[in-house]
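Let's take a friendly walk through a protein structure together. Have a look at the picture, and then read on.

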Amino acid sequence: MDTYLLKKTDLPRWVELIQKSNDVFAPSRVQGEVFFSPISFPPDLDLLTGTATLPYLPPKDFVFPQAEELFSFSQQGEEVKLEVPKISGRGTVLLGIRSCDITGIGWMDKFYQENFKDFYYTRRRENLTFISIACNQPVKNCFCVCCEGGPFLDPEHDEFDIQLVDLKENYLVESKSEKGKKLIALAPELFLKSAPSVKEIRDQLEEKSRQSFLTEPTSYMSFAIRRITENSVPPEVWTELGERCFDDGGCTFVCPCCSCFGVGYLSEGGKGCHYRFWDSCDYSGFTREVSGHNPRGEKGERFKRRFYHKLSYQYIKRDGRIGCVGCGRCITACPGEVGMPAVVERIRNSKAQRNYQSGKPEESLG
Amino acid sequence: MENIYLPNFARIKNIQTETYDTKTFEVEFVDPTVRETFRFKSGQFLEVSVPGVGESPFGVASNPNRPESFSFTVRAVGSLTRALHKLTVGDTLGVRGPFGNNFPFEEVKGKNILFVAGGIGLCPLRSLIEPMIDARTAFGDFQILYGARTPADMVYKDRLEEWEKMPDIRFVRTVDVGDANWTGNVGVITTIFPKANIVVENTVCFVCGPPIMIRFVILELLGLGFAPENIISTLERYMKCGVGKCGHCAIGQKYVCFDGPVFSYKEMTKLPEKVV
């Protein structure tokens, strides 16, 4: 890994150079709410500090858009022609993304590129480079520290390109991947040698950040993982949590690790398209079959499903980590106050109960 | 990079009307390369689409030993299936796949085979019955029990008559409700179990049909002494992508489209949700 110092006042110059061959997005204020938007000049530097800034929506739509055309079709004589939409060949750079959101994209990378490479996901992902900012100071709903989602991104992380650490006047710049090195090579004169002592300051900042998380919403994830894996959460707890769910799908849309999609079909005058769009396991229609039969018609069952996917050991084994990065967006989005930490806490306060029909779960914790 | 979401077009060679609401489509790929290289295994399914209307999974209903053209059976219940029913011979439709795991074949050689099918549950089983008939001597006792609501609800009627005449197949059928011409068994499928002389020892049973039928058949089979791992069925779930990504068909950590649709009863009991 290479480390440098970058003067904060030099950041806009660097961004301008990056923009020549890339579209640069950064957290920006849009009518009072923060979103990843095309970077403005001068950039909102106060959103690019060590204090955690989490746009309302995670950056997953850069790789998995809320709606995306799979192909269009047109009737040409006897034949039907299919066409896959092209995407821009320019790179996309996310500046000011936080460790939790990169961890979320890492989760998506694994999921959408296991067994086969998802065409639509992979072509967007290949164009994407991160310039993340380590969080010296978590904010109200942050609990990444419970989910290995932050507050600093471990340079061993596969998705690590460039990480900035806020040192007041300067950023400490950590660069690892080839993609990251290319961005630094655009303006090598801006990247100053960092003294070895800076490493110590960086580690102190990380430790201080870890210690400044609030007791709520930080959560005993391991406890919930065990209970869900064993299927020993009493069914009435799922029913009770399900009753607090508004079926709005908000938690799934703001979750950096929610990857489910539906497919829609449009047709008019022999032309049209098939497209995929974010879907939600919160919705009762998610599993409803054409016969009307619905294996997860009960809210509690859907709730159980969502958390089984996020926290069971069976999925941890499959996906390499839990399906939560601790960004806290579900806390913000949920009108029923059953975001991840509240659910984990409710499970912790419940008595274990064995629920299997017969035999033991396929994968035990051992 | 391969795009698994793009269908290939297949042309309809033949349409067989099975019942008042069910048709079987025999199709072959338009692209000669795809047609010649296409292979599938018993129990796998296809994602069949009509551009702009929809796409749904259908189990292949034909013999995998003859992959150059293949068939699937469609009951008209929703917008896609109704659109498929409007197609005629020579029309094209989109096909992706084959997807999913498959029924054991080599693994069950030397064993007795029992099929229990209800209604259009016979369709995916047919993709296994036919190659087993091709290799009939590789298996022991071979019995098919088939039940439908009424005689009119039976699929593959011509083929059923042939099975009935084959000397080395024990084929029994029943209907829930008969009609004026029906002289055979009347009663739900489990009512023919006592008189069917089912061989339990060294037998693998394949069960497909509506969920309620599967539940009662499995109870009956367990009562007869079948081990859970020797009862093999398929699960059905609403699904979109067919390749384990859209999330709709997930049960526990299994994706019905990718890890299934074939599961033994033993595997089903280990899922964290009740499925049968």
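## How chain A is put together

In this predicted model, 75% of the contacts in chain A with a separation of 6 or more are made by residues 24 or more positions apart. Chain A has twelve helices and twelve strands. Its radius of gyration is 22 Å, close to the 21 Å that the globule rule gives for 366 residues, so chain A is as compact as a globular protein of that length.

Of the 366 residues in chain A, 43% are buried.

## Two helices that pack together

Two packed helices are described by the angle between their axes and the distance between the axes. In chain A, helix H6 (residues 221-230) packs against helix H9 (residues 299-311) at an angle of about 115 degrees, and their axes are 9 Å apart. The crossing of H6(A) and H9(A) is left-handed.

Which residues meet here? From H6(A) come Ala224(A), Ile225(A) and Ile228(A), and from H9(A) come Phe307(A), Tyr308(A) and Leu311(A). This contact has six nonpolar residues, no polar ones and no charged ones.

## Where chain A touches chain B

Now for the partner chain. In all, 42 residues of chain A are in contact with 30 residues of chain B. On the side of chain A that touches chain B, at least two residues each come from strand E4 (67-76), strand E5 (79-83), helix H3 (119-125), strand E11 (261-268) and helix H10 (313-319) of chain A. E11(A) gives the largest share, six residues.

What kinds of residues make up this side of chain A? They divide into 21 nonpolar, 15 polar and six charged.

Definitions and conventions: Residues are numbered from 1 along each chain as its sequence is written. Chains are lettered from A and ligands numbered from 1 in the order in which they are written. This is a predicted model: local features need pLDDT of at least 70, side-chain atom pairs count only at pLDDT 80 or more; totals for chains, interfaces and linings use all residues. Two residues are in contact if their C-beta atoms, placed from the backbone, lie within 7 Å. Helices (H or I, at least four residues) and strands (E, at least two) are DSSP runs, numbered from the N terminus. Ala, Val, Leu, Ile, Met, Phe, Trp, Tyr, Cys and Pro count as nonpolar, Asp, Glu, Lys and Arg as charged, and the others, Gly among them, as polar. The radius of gyration is taken over C-alpha atoms; the globule rule is 2.2 Å times the number of residues to the power 0.38. A residue is buried if 20 or more other C-beta atoms lie within 10 Å of its own, exposed if 12 or fewer, and partly exposed in between; C-beta atoms are placed from the backbone. Axes are lines fitted to C-alpha atoms, for helices over the stretch in contact, and angles run from 0 to 180 degrees between N-to-C directions. A crossing is left-handed if the near helix is turned anticlockwise from the far one by less than a right angle, and right-handed if clockwise.
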